[in-house]
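Keep the sequence and the 3D view open while reading.

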Amino acid sequence: MRLDIDSFREIADSLVRNKSRSLLTGFGVFWGVFMLLFMMGGGEGLKQMITSNFEGFATNTCIMVSSQTSEPWKGFKEGRYWNLTYTDVERLRQMMPDLETVTPVIASWGGQIVRGSNTASGSVKGIQADYGKIEEPRIKYGRYLNETDILQERKVCVIGRRIYKELFPDGGDPCGEFIQVGPVFYQIVGVDYSSGNISINGRADQTVSVPLPVAQKIYNRGSVVDLVCVTGKSGVRMSDQEPRIRQILARQHLFDPSDKQALVIINTEQLFSLVDNLFRGVNFLILLIGLGTILAGVIGVSNIMMVTVRERTTEIGIRRAIGATPRDILSQIIFESIALTLVAGSFGIVFSVQLLRLTETIVNTVGDNPPASFQIGFWLAVTAALLLTALGVVAGLAPASRAMAIKPVDAMRDE
């Protein structure tokens with residue numbers, strides 16, 4: 001096919017002559033491209049907003065909580081309470097080599113935190129130094145708790161972002177300052193700016209983290225822990241480790257290993273997999289709706305081009321009579337179809353990008369969530385343009401075939 005300046009002029013003249021029809025048909029393509037790209041960009045932004053709630057949280061974690069038994073077992077009735085202990089932590093470390101981290105947590109909720117005349121409310125979390133592998137801290141000032149703090153039972157703490165802002169409204173580095181939590185004074189060694197909304201025993205920004213041995217003594221917890229968190233080594237699926245964990249703890253505390261109420265295990269691997277599968281389905285639905293809308297617009301282009309060819313029968317016949325080849329007729333009709341599809345689609349791309357930018361600005365301005373990007377990628381826009389070009393060719397094939405079949409004699413007779 002040949003395309004030169006004269007061909008471009010003919011295509012432009014044709015589109016101008018049929019501008020109302022071209023606008024109506026182009027709107028279908030415009031709307032289809034806009035719907036597809038806007039929903040894809042919006043879906044990606046929404047995914048970022050949701051996954052930001054899991055920021056810093058290990059994706060291969062199991063969180064174990066003891067509860068009331070629901071089945072009788074070896075002479076014990078149902079409804080019996082039992083507690084996780086530090087001995088269980090050591091037992092899991094020794095008997096399950098596929099686990100990378102096994103760390104206990106104890107907590108106290110609803111405490112008042114005081115510094116001078118400033119107060120804040122939050123929870124106290126007793127942890128070990130390896131708890132940072134479960135919820136990765138984002139330290140703004142100072143450091144995280146370390147092994148020396150645990151071994152020497154230092155009365156030090158790491159405070160969350162909201163507590164820091166309420167106790168230190170003027171800002172600045174608070175490390176070395178003391179705060180009072182209940183009857184105990186702790187020295188601040190770090191500020192955790194973690195922004196994830198998924199947290200254990202309270203939100204990270206409203207938590208005072210202290211060494212586990214200190215919390216055990218202050219709250220008179222003995223060897224009892226509220227929960228145990230474990231992570232698997234690289235390549236280990238926690239879903240495969242869960243039955244073994246139940247067997248070990250059930251044998252020690254005398255409950256049925258199949259009693260899921262007695263030992264509640266929250267598997268974050270399954271939670272993250274659920275989110276991924278959800279957005280995979282959403283993306284497929286978006287693609288299906290967007291492509292369906294674009295195809296509807298392209299079918300409209302093909303129908304309009306058919307009408308245009310029928311109206312230009314005489315013109316095409318005259319061109320054939322003065323020497324135009326079937327190839328020339330074919331190229332004009334197909335390139336006219338491509339031009340109509342591509343121009344309308346380009347407006348759809350530009351409009352979707354601008355609306356996504358406005359949406360991103362509004363969403364990131366409201367609230368205290370991490371910024372999310374609602375923009376589509378450059379190559380996605382290029383792919384959309386190439387797709388529109390291909391669909392323009394397809395839309396022009398049937399009208400072009402009809403135009404090539406017109407004979408000059410028949411066209412003169414119609415006139």
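## A buried glycine

G132 is buried: its relative accessible area is 19%, and the cut-off for buried is under 20%. The model is predicted. G132 sits in the loop that runs between β4 (118-127) and β5 (139-142).

Which residues does G132 contact, once its neighbours within four places in sequence are left aside? They are P137 and Y144. T103 is 29 residues away from G132 along the chain, and the two C-alpha atoms are separated by 9.8 Å.

Q261 belongs to the loop between α7 and β12 (263-267). Its relative accessibility is 42%, so Q261 counts as partly exposed.

Q261 and T69 are 192 residues apart along the chain, yet 6.0 Å separates their C-alpha atoms. T69 is also one of the contacts of Q261.

## Positive phi outside glycine

K74 is not a glycine, but its phi is positive, at about 50 degrees. Its place is the loop between β1 (61-66) and β2 (84-85). Is K74 buried or exposed? K74 is exposed, with 64% relative accessible area; the cut-off is over 50%.

E153 also has a positive phi without being a glycine; the value is near 55 degrees. The loop between α4 (147-151) and β6 (156-160) holds E153. At 33% relative accessibility, E153 counts as partly exposed.

## Helices α3 and α7

Helix α3 (residues 86-95) packs with α7 at an angle of about 135 degrees. Their axes are 11 Å apart. That angle makes α3 oblique to α7. The crossing of the two helices is right-handed.

On the α3 side, the contact is made by D88, R91, L92 and M95. On the α7 side, R244, I245, I248, L249, R251, Q252 and H253 take part. How do the residues of this contact divide by type? Five are nonpolar, two polar and four charged.

In soluble globular proteins, nonpolar side chains tend to be buried together. Here, the largest nonpolar core has 43 residues. Those with the most contacts inside this core are M64, I159, I179, V228 and V230. Helix α7 (residues 238-253) gives the most to this core, with five residues. Another core lies apart from it and has 28 residues, including V33, V301, A384 and L388.

I159 shows what surrounds one of the core residues. Leaving aside neighbours within four places in sequence, I159 is in contact with Y164, F168, I179, I188, G190, V191, D192, T207 and V208. I179 is itself among the residues with the most contacts inside the largest core.

## The whole chain

The protein has 12 helices and 12 strands. Of its 415 residues, 44% count as buried. Take the contacts between residues at least 6 apart in sequence: 78% of them join residues at least 24 apart.

Terms used
Residues are numbered from 1 along each chain as its sequence is written. This is a predicted model: local features need pLDDT of at least 70, side-chain atom pairs count only at pLDDT 80 or more; totals for chains, interfaces and linings use all residues. Side-chain values use heavy atoms; hydrogens and water are left out. A nonpolar core is a set of buried Ala, Val, Leu, Ile, Met, Phe, Trp, Tyr and Cys residues joined through side-chain atoms within 4.5 Å. Buried means under 20% relative accessible area, exposed over 50%, partly exposed in between (1.4 Å probe, protein chains only). Helices (H or I, at least four residues) and strands (E, at least two) are DSSP runs, numbered from the N terminus. Contact means heavy atoms within 4.5 Å. Axes are lines fitted to C-alpha atoms, for helices over the stretch in contact, and angles run from 0 to 180 degrees between N-to-C directions. Angles under 35 degrees count as roughly parallel, over 145 as roughly antiparallel, 65 to 115 as roughly perpendicular and the rest as oblique. A crossing is left-handed if the near helix is turned anticlockwise from the far one by less than a right angle, and right-handed if clockwise. Ala, Val, Leu, Ile, Met, Phe, Trp, Tyr, Cys and Pro count as nonpolar, Asp, Glu, Lys and Arg as charged, and the others, Gly among them, as polar.
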